[in-house]
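Please look over the structure shown here, and then read the short report that follows, which takes up the chains and the way they meet.

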Amino acid sequence: MVSGLELLRERHQFGDAGVFSVNAVAAFHNRTTLKQLDRLLTPILFLETVAACALVVTGPFSKLGRLALLLVCGSILALRWRRHAGGDGAEQMSLLVLLAACLAVMPWPSPTRVRIVVIFIAAQACLAYATAGIAKLFSQTWREGQALPAIFLTNNYGDPRMAVFLENHLNIAWLISWTVILYESLFPVVLLTSGWLLIAALALGVLFHLSCAVTMGLNGFLWAFPASYPCVAAFAMEISSFTSHSSAMLLPAAQSGHFMCL
Amino acid sequence: MTEPWAIIVAAVLGLFFLAGVLHQLRLDRWWLVSRYDIFHLLPRYSFFAPNPGRHDTHVVYRDRIGGQDTPWCQLQPGYTDRRWRWIWNPNRYQRKAVSDLANALLQIERRNRESARVVLLSSSYISLLVWVMAQPSPGESHTHRQFAVVGSNGFGEARQLEVRFVSEVHRIRS
C-alpha cells in the first residue's frame, strides 16, 4: 500500500527524462514490451494500491481477498520488471510473503498449505536475519563498530546529528553494532523459544526496524519484516508444542526403563 | 490424505528456500541458475554488509559547446524530509536505482581493467547514458555530453567528494 502510493508519487521517473524511462530500461528488457506495459503503468500503480487496501480489510481467505492478493502480486511483479533497478530487501521480502500467501489460498484456502507457507515465511525471516548478521560478523568494519558512523555520514541512509553523536561516542557505536550482529545472527534461535521470551524477542525486532526507519529512512523494512513475525511465532509455538508432546511421550518410556533397571 | 497441490507447494517452497540459501553464498557458477530469475525473486539478505555503503552516489553531467566544457550539473534526486521518511520515503526508488546502476558500472569496470572500453557496452552504462542524454539541452550549441559518477560522504563543510567514474564524451542528437 505504502510502496504503491510512493511509486504513484514518483511515476514521473518512468517518463522520458526519468531514471526508469523506457529508453533507459531498454538496456535490460525488450523495448516493445516496455512500451506496451507503460500504457498501463498508472492503472497498475492505482491497482496495486487499491488491491493492497482491500487485502488489508478483507484478508486473503475470502474470494475478494484472494482476487486482491493476485492483483497485488501481479502489480508488484510487473512494476519490478518494468523498473529493473531501485528495489530493496524489504520489497523482496514483501513479495515473497505475498507470493507464498497466494500458494496457501489459491485456488482455495487449505489448512495444510497455510501451514506449509507459514513455515516457509518463518524460515525466510530466519534466513534473512541470519545472513545479515553473519555477513556483519565477517566484516571487520562492523566488528570494530566503524560501520554505523560511516553509514550515518551519508544522505541516503544517514542523519547528521546521529553521525556526530556516533563519531563522538565510538563505544556506543561499537555496542550498537554488536547488538545488531548478535540479534540478527541468533534470530533463528527465536524458533526455540516460547511465551514471554518469544514475545520479547519479536518486540525487539519491531523496535529494531522502527529505529532503522526513523534514523535511516528504511520505512519499507518496518512493514516487510515484522509482517513475518506472526509466522515466526506460529512456527515457534508449533515447535514448542511438538517438543512438549515428544517429552510427554518420552517420560513414560523413561519411567518404564527405570522400573526395569530396578 | 494430503492434497497433491499441497505436496507440490511444499516441494516448490522447499526448493526455493534451498535456492535462497545458495544465493546468499554467492558461489561462482550460481549465475548459471540465477540468470533465469527474471523477477529477481531470489533475495539478497546481506544488508549493509560485509562492506557497508559509505557514500552517496551522484550522477553529474556537462555539455560541450564549441570545444569548451560547461560546469558539471547534477541530476538531483530528491531527499524526503527526515522527519517523515520513516513512514513516507518516495525518493528512495530513484536514489536506489542510481546507486544500483552506478555500483554495477563500477563492478564491470573493475573486472575489465585490461579492456576499459568494454564498460561502454554494459547495460548499466547504457542505462545511465540514456538517462543523462534525455535531460533537456539548453540549445543547439550544446553538441556533446559527458557524465560522471561521484561519491560523497559527510555533511556541510565536512562533505568529501570522490570521482568514481567518468564516461566518454557522446554526441547529443539534435
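## Elements of chain A

In this predicted model, the elements of chain A, followed from the N terminus on, run α-α-α-α-α-α-α-α-α-α-α-α-α-α, and this amounts to 14 helices and zero strands. Chain A is more spread out than a compact globule, because its radius of gyration is 23 Å, well over the 18 Å that the globule rule gives for 262 residues.

## Extent and packing of chain A

Of the 262 residues in chain A, 42% count as buried. Among the contacts in chain A with a separation of 6 or more, 65% are accounted for by residues 24 or more positions apart.

## Domains of chain B

Chain B is divided into two parts, with domain 1 covering 1-51 and domain 2 covering 56-171. The C-alpha centres of domain 1 of chain B and domain 2 of chain B lie 32 Å apart.

## Where the chains meet

Between the two chains, 56 residues of chain B are in contact with 58 residues of chain A. On the side of chain B that touches chain A, at least two residues each are supplied by α1 (4-25), α3 (92-111) and α4 (123-133) of chain B, and the largest share, nine residues, comes from α3(B). By residue class, that side of chain B divides into 30 nonpolar, 16 polar and 10 charged residues.

Note on methods
Residues are numbered from 1 along each chain as its sequence is written. Chains are lettered from A and ligands numbered from 1 in the order in which they are written. This is a predicted model: local features need pLDDT of at least 70, side-chain atom pairs count only at pLDDT 80 or more; totals for chains, interfaces and linings use all residues. Domain bounds come from an automatic or database domain assignment. Helices (H or I, at least four residues) and strands (E, at least two) are DSSP runs, numbered from the N terminus. The radius of gyration is taken over C-alpha atoms; the globule rule is 2.2 Å times the number of residues to the power 0.38. A residue is buried if 20 or more other C-beta atoms lie within 10 Å of its own, exposed if 12 or fewer, and partly exposed in between; C-beta atoms are placed from the backbone. Two residues are in contact if their C-beta atoms, placed from the backbone, lie within 7 Å. Ala, Val, Leu, Ile, Met, Phe, Trp, Tyr, Cys and Pro count as nonpolar, Asp, Glu, Lys and Arg as charged, and the others, Gly among them, as polar.
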